[in-house]
Amino acid sequence: MLGSMQDKLWGVRTLLRLSVLAGWGLGFVAGLPALGQIAKAGNSVAPDTIFYDGNILTGTRLKAGDADPTPGRVSAVAIRAGKILAVGGDAAMLRLKDAHTRTIDLKGAFAMPGFNDAHTHMAAAGRQRLSVDLDNVASLAAMLAKVQTYSVKLGPGEWILGGGWDHTKWPGVKLPTRQDLDAVSGGHPAFLERTDGHIAIVNSAALKAAGITDATPNPKGGQIDRDADGHATGILREGPTLAMVEKVIPPPSLATRREAIELSMQDALSHGVTSIQDFSDWEDFLAMEEMEHAGTLHLRIAEWIDFNQPIGVLDERRVSHPADDLLLHPTFLKGFMDGSLGSRTAAMNAPYADDPNNYGIARYDQGKLNQMATARAADGFQLGFHAIGDLANDMALNAMAAAEQVGRPANVSPTPKNAGGGMVMAGPAAEVKPRDFRFRIEHAQVVSPGAFERFAELGVIASMQPSHLLTDMAWAEARLGPERVKRAYAWKSFLDHGVTVAFGTDYPVESISPFRGLYSAITRQNVEGTQTFQPQEKLTIDEAIYAYTQASAFAEFRETIKGRLAPGYLADMVVLDRNITKASPQELLHTRVLRTVLGGETVYQAP
C-alpha cells in the first residue's frame with residue numbers, strides 16, 4: 001500500500017518537474033488536485049487535449065504592469081476538463097499526455113484567446129436572416145424588390161418582417177415611406193427595422209393594424225414622422241413607438257427562436273467569437289436554456305435583462321438560472337437613454353449640425369431615471385445604459401453617480417455629486433456594503449467635455465463598437481460639427497483617462513467579425529483606406545485585442561476565467577490563418593478562422 005502511494009506521488013512530482021522542462025522554456029501548470037487526493041483516488045492528471053506546434057498568444061503582457069508569470073507566447077497548451085491545465089513548449093506539454101490524451105498539431109498557425117463580443121443582439125440577427133434580410137441593400141429600389149419577392153410567398157394576413165436597411169448608404173440618402181412599401185407588399189402588413197433598430201418603416205396596413213392614425217400622439221420617448229399635411233409617413237422612431245406596432249405582430253414560435261439563435265451562434269463561432277454579451281427577448285433566453293439542456297448551445301452567453309421591468313420581475317429572472325453557469329446566465333440590466341446618430345435620434349446637448357431644429361430623443365426624465373437606477377442598484381444589479389449622444393451619456397453618468405451612493409458605507413468618501421443629478425438615496429449608506437458596481441455605458445459614442453474624467457471617477461466601463469466607425473465616418477462630422485466630433489468614438493481618450501474599454505460589434509447592426517473592429521481600432525479608416533477619422537484616437541493592436549478579450553471579460557465579472565490562455569482559465573481559443581499581431585491592416589480585414597475551440601472542444605472548423 002505504501003509503495004503504491006509513493007509511486008503515485010512520484011508520478012505527480014515528475015509531472016510537475018516535466019512541466020518546466022525545455023521547449024519554449026517554462027511551462028505553467030494549474031488545476032491539479034491535492035497530492036493526497038490523487039494518491040487516495042488514483043485519479044489521472046493527464047490532459048484531455050494538447051494543442052502543439054503553434055504560435056500561441058496567451059493574452060498576458062498585452063497591458064503594461066501585467067504580473068501574470070505566464071509567458072506572452074507559447075507553442076503548446078494542455079487542456080483538462082475544459083480549462084487550461086498548462087502552457088509552454090511542445091516538449092514540456094507533450095510529456096504530460098497519457099494514452100487517452102488527444103494531440104492536435106497546429107502546424108505553426110497563430111492562436112489566441114477566443115473573442116468576447118461585449119454587445120450583441122443574437123436573436124434579432126438570426127430572425128433577420130430568416131425574414132427579409134436587407135443588410136447592405138444598395139438602394140431603395142433594391143430594398144423594395146426584395147420585399148416584393150418575399151411578399152408573394154406569404155399566406156393571407158401574414159406579416160412582412162425584416163430589417164438591416166440603411167438609407168445613409170443609398171443614392172439620395174432618402175428615407176422610405178409607407179407608400180413605397182404599399183406598392184410592393186401585396187396588402188400584407190409590413191414592419192422593417194433600420195439596421196440600428198431605432199427606427200422602422202411600416203406600410204399602411206401595419207399602421208391600421210396598430211391603430212395609428214394621423215391623430216395618434218407621439219409616445220413619450222418616441223416619434224411618429226409626419227408629412228407637411230400631418231399624415232404619418234410610415235417612419236417610426238425609437239422603442240416606445242416601434243412597440244405600438246410590435247405588440248400586434250404575432251410572436252415567433254419557440255422553434256423559430258431556436259433556429260434564429262442557432263444561425264447567429266454559427267456565425268459567431270465561424271468568426272472566432274466564443275463569448276457574447278447579449279440583449280434579446282426574455283423568451284429568446286428561454287430558448288437558449290432549452291438549447292443548453294439539449295447540449296446544442298456551443299457559445300458562452302451572458303444575457304441582459306430589460307431595465308424597465310418591475311423589480312419583482314427582475315428578481316424572478318435573476319434567480320431563474322444559476323449565476324455561476326459558465327455557458328449561459330443572466331447578467332446586467334439594459335436601459336436605453338436615446339437612439340442613434342444614423343437615425344438622428346441620439347440625444348444631444350446642442351442640435352445636430354445638419355438638422356438645426358433637432359436635438360434627438362431622450363428616453364427618460366433624469367429624476368425618474370435616477371430613482372429607477374438607484375432602486376435597482378440597491379437590489380444588487382449591474383446597470384448598463386445605451387447612450388449615443390452627449391446628453392444621453394450625461395444622463396447615464398448622472399444616474400450611475402446617484403445609484404453608486406447606495407453601495408458606499410459612511411466611512412468611504414462618496415463619489416462627487418453630479419450637477420443636476422438629483423441624488424436619490426435608498427436608505428442610510430452605512431447599512432449597505434461597498435460593491436464593485438462595474439456599471440457600463442453601451443456605445444458612449446459622443447461625450448461632453450469632462451465626461452472622460454467622470455467615467456474614470458465612477459469606474460464606469462465604456463462598452464464600445466469600433467466597427468461602427470467604418471460606416472459612420474461617412475456622415476458623422478456632418479451630424480456633429482467640427483468641435484463635437486473630436487469627442488466621438490474616442491477610444492484612446494477613454495484609455496488615457498484610465499477607463500476600461502470593452503469592445504463588441506452590436507451585431508447585427510455590424511458584422512460579428514472582430515477583425516473589422518480591430519482594423520477600425522488601429523487605423524480609424526474606412527475599409528477602402530480612403531478616409532481617416534480623428535486619427536489621434538487610434539489604438540495599438542495589443543490594446544484592441546485586450547479590449548476584445550480581457551476587458552470584455554472584466555465587463556461581465558469573468559476576468560479571472562476568460563480572456564487568457566493561462567492555467568486555470570477556460571480553454572476558449574481561436575486558431576487563425578495569419579498572425580494578427582503582425583498583419584498589415586488590409587491583411588487583418590481578410591483574416592480567416594481555421595478553428596474555434598470552446599472548453600477544449602472544437603466547435604467550428606473551416607471547411
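**Cavities and a sheet in a predicted model**

Q: By class, how many nonpolar, polar and charged residues does the lining of the second largest cavity have?
A: This is a predicted model, so to speak a computed picture. The residues lining that cavity are His 443, Gln 445, Met 464, Gln 465, His 468, Tyr 489 and Trp 491. Sorted by class, the lining comes out as 3 nonpolar, 4 polar and no charged residues.

Q: Which elements give two or more residues to the lining of the largest cavity?
A: The largest cavity holds about 90 Å³ of space. Its lining has 13 residues, with Gly 114, Thr 274, Lys 562, Gly 563 and Asp 572 nearest the centre. The elements giving two or more residues are strand 9 (115-120) and strand 16 (273-278).

Q: Which strands stand at the edges of the open sheet of 6 strands?
A: Pairing in this sheet is mixed, and its order is 10-11-12-13-15-14.

Q: Which residue in strand 15 does Ile 199 stand opposite?
A: Strand 13 (residues 199-202) and strand 15 (residues 232-237) pair in the antiparallel sense over 3 bridges. In strand 15, the residue opposite Ile 199 is Arg 237.

Q: At about what angle does helix 5 run to strand 11?
A: Helix 5 (residues 140-151) lies across strands 10, 11, 12 and 13. Relative to strand 11 (160-165), helix 5 runs at about 155 degrees.

Definitions and conventions: Residues numbered from 1 in each chain as written. Predicted model: local features only at pLDDT ≥ 70, side-chain atom pairs only at ≥ 80, totals over all residues. Heavy atoms only, no water. Pairing = 2+ DSSP bridges. Helix = DSSP H or I, 4+ residues; strand = E, 2+ residues; numbered from the N terminus. Contact = heavy atoms within 4.5 Å. Axes fitted to C-alpha atoms, helices over the stretch in contact; angles between N-to-C directions. 1 Å grid on protein atoms, 1.4 Å probe; cavity = no way out; pocket = protein on both sides within 12 Å on 5 of 7 lines; lining within 4 Å. Points joined across faces, edges and corners; volume = space filled by probe spheres on them. Nonpolar A, V, L, I, M, F, W, Y, C, P; charged D, E, K, R; others polar.
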